[in-house]
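Trainee: Please take a close look at the salt bridges in this model, and at the charged and aromatic side chains that go with that topic.

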Amino acid sequence: MAATLSLEPAGRSCWDEPLSIAARGLAPEQPVTLRAALRDEKGALFRAHARYRADAHGRLDLARAPALGGSFAGLEPMGLLWALEPERPFWRLLKRDVRTPFVVELEVLDGHEPDGGGRLLARAVHERHFMAPGVRRVPVREGRVRATLFLPPEPGPFPGIVDLFGVGGGLLEYRASLLAGKGFAVMALAYYNYDDLPKGMDAMHMEYFEEAVNYLLSHPEHVGAQEAEEVGEDVRRSFGDVESEPPVMCGRTGGPGKRSRSWSAWHFQRG
């Protein structure tokens with residue numbers, strides 16, 4: 001009986017979804033090495049491997065069998081994915097186009113060869129996607145706002161999130177696209193080093209973020225006014241010990257797209 005490698009879900013899954021990995025048709029207690037590889041959008045190669053031993057029936061389930069060494073050790077059902085390391089030093093695995101998946105190649109090799117050079121026993125290819133089926137991606141270029149809005153497949157309204165990254169700028173969408181698959185309306189917001197926005201962080205005006213939040217609040221598939229007001233109150237309570245009006249997007253709203261209290265004209269200026 002030839003060895004087989006089975007994945008569940010089969011064929012494709014979302015990047016944040018658990019993936020079950022199992023092998024069948026091995027010899028009883030056969031030593032094997034499992035290897036995973038993917039290439040990012042720039043062609044950089046990422047690899048991981050782990051050594052295992054099949055059970056007395058020639059089966060191997062990564063949810064039950066601990067890794068005996070390699071890129072990780074112990075019971076790590078998803079270890080072959082989270083342990084992926086670049087061949088190029090200090091290269092970061094980053095998804096820039098969420099409309100395409102990462103393609104992961106998984107192999108079962110005979111033995112515990114240090115370089116993973118054993119005979120190939122089984123192989124499978126799996127797509128790890130960043131947009132669940134039906135998630136809608138809407139580019140936003142409204143006033144000064146440069147963003148991408150992700151909406152769940154079903155009709156709203158939905159709880160709303162504005163997703164911002166830190167140093168580096170640009171527009172990264174992979175968190176927003178995955179969260180939309182969980183039932184949130186998520187706007188991935190760029191605020192520098194993107195399109196016609198400022199190239200650096202020397203000055204950031206809070207009015208820009210206010211405009212972005214108001215856009216989301218006014219969207220017909222965003223959460224209703226009552227919930228938005230409750231979220232704003234929670235944020236304001238968190239900053240209750242701040243003497244001056246805090247530079248946070250927590251404006252009280254009287255309805256989608258309307259606000260009943262003025263926002264601070266605060267802006268950040270690097271010294």
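Mentor: Arg141, Arg146, Asp195 and Asp196 are linked in a network of salt bridges, a salt bridge being a side-chain nitrogen of Lys or Arg within 4 Å of a carboxyl oxygen of Asp or Glu. The model is predicted: local features need pLDDT of at least 70, side-chain atom pairs count only at pLDDT 80 or more, and totals for chains, interfaces and linings use all residues. Residues are numbered from 1 along each chain as its sequence is written, and side-chain values use heavy atoms, with hydrogens and water left out.

Strands (E, at least two residues) and helices (H or I, at least four) are DSSP runs, numbered from the N terminus. Arg146 is buried at 7% relative accessibility, whereas Asp195 is partly exposed at 40%. Here buried means under 20% relative accessible area, exposed over 50%, and partly exposed in between (1.4 Å probe, protein chains only).

The count comes to 15 salt bridges. Among them is Lys182 with Asp16, where the closest N and O atoms are 3.6 Å apart. This pair also links distant parts of the chain, 166 residues apart: Lys182 is in the loop between α2 (174–180) and β13 (185–190), and Asp16 is in the loop between β2 (12–14) and β3 (20–24). Lys182 is exposed, at 53% relative accessibility, and Asp16 is partly exposed, at 37%. Arg64 and Asp61 form another salt bridge, with the closest N and O atoms 2.7 Å apart. Arg64 is exposed, with a relative accessible area of 68%.

As for the aromatic side chains, Tyr191, Tyr192, Tyr208 and Phe209 form one cluster. Rings of Phe, Tyr and Trp (its six-membered ring) pair if their centres lie within 6.5 Å; planes under 30 degrees apart count as stacked, over 60 as edge-to-face and the rest as tilted. By this rule there are eight aromatic pairs. One of them joins Tyr208 and Phe209, edge-to-face, at 5.6 Å centre to centre with 80° between the planes. Tyr208 and Phe209 are both buried.
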